[in-house]
Amino acid sequence: MKTQQKSLFVPYNHGHLHLRQLMPANPDMSKPPLLMLHGAMSNGRVFYSESGKGLGCYLADAGVVVYVLDTLGRGHSTPKLGRGFSAGQGEVIREQLPLIQQYILSLHPKTDSVHWCGHSWGGVLMASAIARYENLQQSVASLVTFGSKRRIEVKSLSKWLKVDLFWNRLAPFIAWQRGYLPADKLKVGMDNESQASLLQSIDWVRGHWIDHDDGFSYSQAAKNAKWPKSWFIAGQGDTVLGNPSDVQRMISECQIQQVDYTLLSRKHGFKHDYDHAGMLTHKDAVQDHFPTVRDWYRQLNR
């Protein structure tokens, strides 16, 4: 039997959050399951496909029970993004991640923790939630991120075009006109982005790690947090959106004690200098670094 996929819908904010469940053929429900979170201009499909591709499907085939979240307005979560949609990244940190954590734990009464894995900005939001909430520090079994950075300090022409020009200037203007950023129609992303999330992420990328809604200092909380065992993965070819130097700066800012760092590069024995999306979507990832990720979870779940 192959991995079974099922969509779960969790009531939230006059709508529903979509959670894709990837259930192995013979799951061990006493082991911590895994929650995966997409980044900006994206949705959960970066981790899975109905045909069985993606890191989420790969890990489920290896025996891990996987849940992939679409944050409000993205993927199959409802309501969809549109004019008047006011939720930003703060709601993901303060409400959606804690809600989904408790929901997943309710489905797994034999365990008291869940592994977390985020791509790009999803890793930043997950780290923020862990830093803020003591109960998550106790119930998150581990944190793995791919290309996650809070600030972008690298300087290059590509960074100026992608971040300074498009993300910081053109995108806010388009979002102001439309009420949200139609990234899919513009062919600059997998899914759309709310105006609030866009503006808040711009502030974080170039400024302080502080909640826009209530002024909570995540940077201060991170210093005192009891972090779970963590693993930050970067790609050598990820020159802007998850530049290895910026990923390492995030590790330093979080002050995580038990942390591994891996650079996916030819120099370090991998098949490619992986880029931002390719870390998860490249056809060679299945034979290259996905087995290392699988073994990492197997070690933790012993």
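Two strands are taken as paired if DSSP finds at least two bridges between them, and strands themselves (E, at least two residues) are, like helices (H or I, at least four), DSSP runs numbered from the N terminus. The model on screen is predicted, and local features are described where pLDDT is at least 70 and side-chain atom pairs where it is 80 or more, whereas totals for chains, interfaces and linings use all residues. Residues are numbered from 1 along each chain as its sequence is written, and side-chain values use heavy atoms, with hydrogens and water left out.

**Stop 1**

Select Q21 and, with it, Y67 of β4, which stands opposite. Widening the selection to β2 (residues 15-23) and β4 (residues 66-70) shows an antiparallel pair joined over 5 bridges. On β2, 8 of the 9 residues are buried, where buried means under 20% relative accessible area, exposed over 50%, and partly exposed in between, for a 1.4 Å probe and protein chains only.

β3 pairs with β4 in the parallel sense over 4 bridges, and L37 has L69 in β4 as its bridge partner.

**Stop 2: the largest pocket**

Cavities and pockets are found on a 1 Å grid over the protein atoms alone: a cavity is a set of points where a 1.4 Å probe fits but cannot get out, a pocket is an open set with protein on both sides within 12 Å along at least five of seven lines, and lining residues have an atom within 4 Å of a point. Grid points are joined across faces, edges and corners, and a volume is the space filled by probe spheres set on the points.

The largest pocket holds about 690 Å³ of space. To find it, select A40, M41, V188, L241 and H276, which lie nearest its centre among the 28 lining residues. The elements that give two or more residues to this lining are α5 (157-178) and α6 (195-206), and α5 supplies the largest share, 4 residues. The lining divides into 14 nonpolar, 10 polar and 4 charged residues, with Ala, Val, Leu, Ile, Met, Phe, Trp, Tyr, Cys and Pro counted as nonpolar, Asp, Glu, Lys and Arg as charged, and the others, Gly among them, as polar.

**Stop 3**

Select E193, which belongs to strand β8 (residues 193-194) and is buried, with a relative accessible area of 5%. Beyond four places in sequence, E193 touches A40, M41, R74, L81, W167, Y180, L181 and L198, a contact being heavy atoms within 4.5 Å. The side chain of E193 reaches the backbone nitrogen of M41 at 2.8 Å.

E193 also lies, with R74, W121, L125 and S197, nearest the centre of the largest cavity, which is lined by 13 residues. Two or more of those lining residues come from each of α2 (89-107), α3 (121-132) and α6. The volume of this cavity is about 120 Å³.

**Stop 4**

Move to S197 in helix α6, a buried residue with a relative accessible area of 6%. A polar atom of its side chain lies 3.2 Å from the backbone nitrogen of Q89. S197 is also part of the lining of the second largest cavity, together with residues including L72, R74 and F85, and the volume of that cavity is about 40 Å³.

**Stop 5: backbone geometry in the loops**

Most residues other than glycine have a negative phi, and most peptide bonds are trans. Select T78 and P79, which are joined by a cis peptide bond with omega of about 0°; P79 lies in the loop between β4 and α2. Then select S120, with a positive phi near 55°, in the loop between β5 (114-119) and α3. Finish at Q255, which has a positive phi of about 55° although it is not a glycine, and which is partly exposed, with a relative accessible area of 38%.

Key
A polar contact is a pair of N or O atoms within 3.5 Å; within protein, one must be able to donate a hydrogen and the other to accept it, and residues adjacent in sequence count only if both atoms are side-chain atoms.
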